[in-house]
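Here is a short note to read beside the model. Take the points in order and find each residue as you go.

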Amino acid sequence: MAHDIDLTDAQRADDAPDSHPDARTTRHRNKGTTTVTPALLCGGSGTRLWPLSRKSYPKQFAALMDDQTLFQAAARRLSGAGFQAPIVLTHTDFRFIVTEQLASAGITPSAVLIEPLARNTAPSVLAAAVHLERTSPDGLLLIAPSDHVVGDTAQFLAAIEAARPAAMAGKIVTFGVTPTRPETGYGYIEVASDTPQDAASLKPRDIVRFIEKPDAAHAADMLAQGGYLWNTGIVLASARTIIAAFSKHAPDLLEPVTAAVESARPDLDFVRLESASWAETEEISFDYAIMEHARNLAVVALDTDWSDLGDWAAVWRASNPDARGVALSGAATAIDCDMSLLRSEDEGLQLVGLGLHGVIAVAMPDAVLVADASRAQEVKEVVAKLRAQKAKQATEFPKDHRPWGWFESLATGSRFQVKRIVVHPGAALSLQSHHHRSEHWIVVAGTARVTVNDTVSLISENESVYIPLGATHRMENPGKFPMVLIEVQTGAYLDEDDIVRYEDVYARK
């Protein structure tokens, strides 16, 4: 939010449910409606969690807290009884990661909408509403970022259920969390004093104002006073209500986003929003476009641990530090340390802290962050500096994820590169050739079906094959388990753009 917004009684009355243009119709048509369609937002780069989160593989797709990713946890949390299959909004670079992780979580989306350009959350929310409105105009849409951690899922689901009647009556219902500390990384919501202040109450409350991320003194004052909630950015409203809000408060977005949805085209299992119309949309958040202006608002309090994992300090808090305040992950060891976070993201890389106090240390195969914990919010400035230096670690993840699996570089030198390649069961790389390199493939797990020009053969574990420069070739995994091979490239030019594709089941060019 750009500034604090006060919602006066007159303004609230002006947009009360009965006077809202769609309220009576919405309430009537939704009588008996029991399901909610989650809209999972999967954009963003999460630069404050570098080096684990990067532009090519942001934090929502990482297993930050346990063996499931934040995106998978969000999708599972919003599935089952009372929920329709989710709508997922993401960028083209993440489309196969989304479907792979959803499949692994046992969830089939109703639609994966591909945004041609990053345009922040307002166009994304409107696109989800327009998409749902075509089949269920009064259906309820739960807008949810896919990178949050929620401690008590049962309480969260109860809060959604408590918000349903207000949303069906034409309200835009957001969710707030009872503060436990003077946090400066979150926005706040001030709740009207004439509504229940008991944190355990799930009754929707009136909103007095939204407050931009405060300084430490202001945050401490609000914590002491009570009557304030952290703003989660999670919203429940009908598709019709959301569209009406954009029509009233952000009309410039309505036409291009609607056109982008109506002219969208299918691409495999995805829906690609029409690019020319989408390019006309303003880059603006849902908070700025709608929540700062709408008056038909309410908030439900969540009495649970919650975090948007906005920086490494938040990850430390959510990682259950020990009695000395030390949180460890992976191959990490702490000796005489306190109030510190040590994470090794490579099983072969030992990270050892000795005598540390208030330190964040995160080790990746290609980059290491060591920071004062009190400056966790400044990690994004590290990424900006690395970008200015044109360091690939600023944006590129060590593992390059593709629709068929992933690969990583193990060693590079003059005129050679060694990679580990993992191919999913039943997956196949494109039929391709290279102008500048030859390749040697050594299978180390599983079996590969290999095409070299007109010859097709099965290559088993401990066997190898040579791909001459210019040869048309493809590798496939015909088995039921991941296939792993080591690829040795030799030649004058080894970058990934030296690929000529002839056939590709994933419709890449």
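1. **Terms and ground rules.** Buried means under 20% relative accessible area, exposed means over 50%, and partly exposed lies in between (1.4 Å probe, protein chains only). This is a predicted model: local features need pLDDT of at least 70, side-chain atom pairs count only at pLDDT 80 or more, and totals for chains, interfaces and linings use all residues. Residues are numbered from 1 along each chain as its sequence is written, and side-chain values use heavy atoms, with hydrogens and water left out.

2. **Overall build.** The protein chain has 13 helices and 31 strands. Both are DSSP runs, numbered from the N terminus: helices are H or I with at least four residues, strands are E with at least two. The C-alpha atoms fill a box of roughly 75 × 60 × 40 Å along the principal axes.

3. Of the 509 residues, 51% count as buried. The accessible surface of the protein chain is about 22200 Å², and 50% of it belongs to carbon and sulfur atoms. Such areas come from the Shrake-Rupley method with a 1.4 Å probe; for residues, only the protein chains shown count as cover.

4. **The cores.** In soluble globular proteins, nonpolar side chains tend to be buried together. A nonpolar core is a set of buried Ala, Val, Leu, Ile, Met, Phe, Trp, Tyr and Cys residues joined through side-chain atoms within 4.5 Å. The largest one here has 92 residues, and Leu-142, Phe-175, Leu-236 and Trp-312 have the most contacts inside it. Helix α6 (residues 153–168) gives the largest share of this core, seven residues. A second, separate core has 45 residues, including Ala-122 and Ile-290.

5. What does Leu-236 touch, beyond its neighbours within four places in sequence? Its contacts (heavy atoms within 4.5 Å) include Val-36, Leu-142, Ile-160, Arg-164 and Phe-175.

6. A salt bridge is a side-chain nitrogen of Lys or Arg within 4 Å of a carboxyl oxygen of Asp or Glu. The structure holds 19 of them. One joins Glu-161 and Arg-164 (2.6 Å, N to O). Both residues lie in helix α6, three residues apart, about one turn of the helix. Arg-164 is buried, because its relative accessibility is 7%. Glu-161 is partly exposed, at 45%.

7. **Other salt bridges.** Asp-267 pairs with Arg-272, with the closest N and O atoms 2.6 Å apart. Both of these residues are buried. Glu-408 pairs with Arg-420 at 2.3 Å between the closest N and O atoms. Glu-408 is in strand β22 (residues 405–413) and Arg-420 in strand β23 (residues 416–423), so the pair ties together parts 12 residues apart in sequence. Glu-408 counts as buried at 10%, while Arg-420 is partly exposed at 33%. Asp-400, Arg-402, Lys-419 and Glu-496 are linked in a network of salt bridges.
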